[in-house]
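Student: I would like to learn how to read a structure. Could we go through one together?

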Amino acid sequence: MDNKYDTELLTCSPEDIKRAAGMIRAGEVVGMPTETVYGLAANAFDEQAAAKIFAAKGRPSDNPLIVHISDFTMISEIAAELPQLAVTCAKRFWPGPLTMVLPKTPKIPSSVSGGLDTVGVRMPSHPGALALIAEAGVPLAAPSANLSGSPSPTTAEHVMSDMRGRIPAIIDGGECEAGVESTVICFEQDAIKILRPGRITAQMLMEITPDIRIDKGVLHRVDNSEPVASPGMKYKHYSPKAEVFLIDGTAEQFAEYVAKQDVKNGLCIVFDSSDMGGLKMPFISIGNTAVEQAHGLFSALRDADRRGAKVVFARCPKTDGVGLAVYNRLIRAAAFRVIEL
Ligand code: TXA
Ligand code: MG
């Protein structure tokens, strides 16, 4: 599997997009930039192409893929019903980092929907993604382009490091702006339920309807035996090779705690480097605002591996606004190990 292809690095030039679209029409899988994270894209109507995505990622077959469109009219072939709330959300947030779970049409193979009768749909805003979908002429099923379980890729190099030899090409569209995956929502009558938090926040969704619910899997560990609203919640996720611990306390408490740890190859993920002058362990600073933290988090987790870190101590982010997305990813990277100071 690892050496099936001599993976090419393409650009977002019209010629390269045409080339990548040709590969997709031929049933292949291509690495695609989006504004959230890189995706592994294939024809969403082609069962065998979808199977190649699962194989390239090593992904469990009951974890559904998100279907990406470049034009709102494409949705009629994907979603069997479109509630008014969905239309309003699409008008307000598309193109952008919002995925809506809707009843699926028979055209979407059950392998794409992980055996569910619903499908996640989104219109990305990255011009490279929009051009690729338009040129391919079909909606593209695309999960994040990491090996299953690893942090999502936010640069073409990250994709290359996970997918070299496994797919024919990767389109380099630069560093992803958001850095965390799209907000995934479903509709419950007049309410919107957040299944996975992202850059589109609960507060932003409140402009559409006051009744915003947050699925319990967002903040808590999901038992593998329970039925879950979003199957992705139950899998081990975003994990670097290092053991990650989330440390809940002030910058001073964090530094004190770390100073007492006797670990080899430890690394810290912190917010503001100016607070961390006294820290006796190497650290990566991902910024003070939740938007910066979201942007830098996956890159920092991958960096920890590159540096050979065995243990990572990460500061615990706030859970409001985009912070909820940062917390949701970090707590999974930490396998729910939170140390309260
Ligand atoms: O930003 C993103 O959403 C990226 C880029 C490439 O678009 N894609 C992405 O896909 O993150 P993936 O496959 O890594 O995550 C999709 C998440 C999973 O947690 C999955 O369980 C959930 O969306 N999901 C997909 N379809 C669903 C459905 N029909 N019902 C409930 N959850 C669904
Ligand atoms: Mg993923």
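**Reading the model**

Tutor: Ser 299 lies in helix 8, residues 290-306; helices (H or I, at least four residues) and strands (E, at least two) are DSSP runs, numbered from the N terminus. This is a predicted model, in which local features need pLDDT of at least 70 and side-chain atom pairs count only at pLDDT 80 or more, while totals for chains, interfaces and linings use all residues. Residues are numbered from 1 along each chain as its sequence is written, chains are lettered from A and ligands numbered from 1 in the order in which they are written, and side-chain values use heavy atoms, with hydrogens and water left out.

Student: Is Ser 299 buried or exposed, or partly exposed?

Tutor: Buried means under 20% relative accessible area, exposed over 50%, and partly exposed in between (1.4 Å probe, protein chains only). Ser 299 counts as partly exposed because its relative accessibility is 26%.

Student: Where is Met 123 found?

Tutor: Met 123 sits in the loop between strand 6 and helix 4 (127-136). With a relative accessible area of 9%, Met 123 is buried. Not counting residues up to four places away in sequence, Met 123 touches Ile 69, Ser 70, Asp 71, Phe 72, Trp 94, Pro 95, Gly 96 and Leu 130. The C-alpha atoms of Met 123 and Leu 98 are separated by 7.8 Å, and the two residues are 25 apart along the chain.

Student: How many salt bridges does the structure hold?

Tutor: Side chains of opposite charge can pair when their charged atoms come close. A salt bridge is a side-chain nitrogen of Lys or Arg within 4 Å of a carboxyl oxygen of Asp or Glu. The structure holds 14 of them. One joins Asp 162 and Arg 302, with the closest N and O atoms 3.0 Å apart. This pair links distant parts of the chain, since Asp 162 is in helix 5 (residues 156-163) and Arg 302 in helix 8, 140 residues apart. Asp 162 is buried at 10% relative accessible area, and Arg 302 is buried at 11%.

Student: Which residues are linked in a network of salt bridges?

Tutor: Glu 188, Lys 193, Asp 211, Arg 213 and Asp 215 are linked in this way. Within the network, Arg 213 forms a salt bridge with Asp 211, the closest N and O atoms being 3.0 Å apart. Arg 213 is partly exposed at 35%, as is Asp 211 at 31%.

Student: Which residues come nearest to ligand 1?

Tutor: A residue is near a molecule if one of its heavy atoms lies within 4 Å of it. Of the 26 residues around ligand 1, Thr 36, His 68, Ser 144, Ser 182 and Gly 232 come nearest. Strand 6 gives the most to this shell, with four residues.

Student: What is the distance from an oxygen atom of ligand 1 to an N or O atom in the side chain of His 68?

Tutor: That distance is 2.6 Å for His 68, and for the side chain of Asn 63 an oxygen atom of the ligand is 3.0 Å from an N or O atom.

How values were computed. A polar contact is a pair of N or O atoms within 3.5 Å; within protein, one must be able to donate a hydrogen and the other to accept it, and residues adjacent in sequence count only if both atoms are side-chain atoms. Contact means heavy atoms within 4.5 Å.
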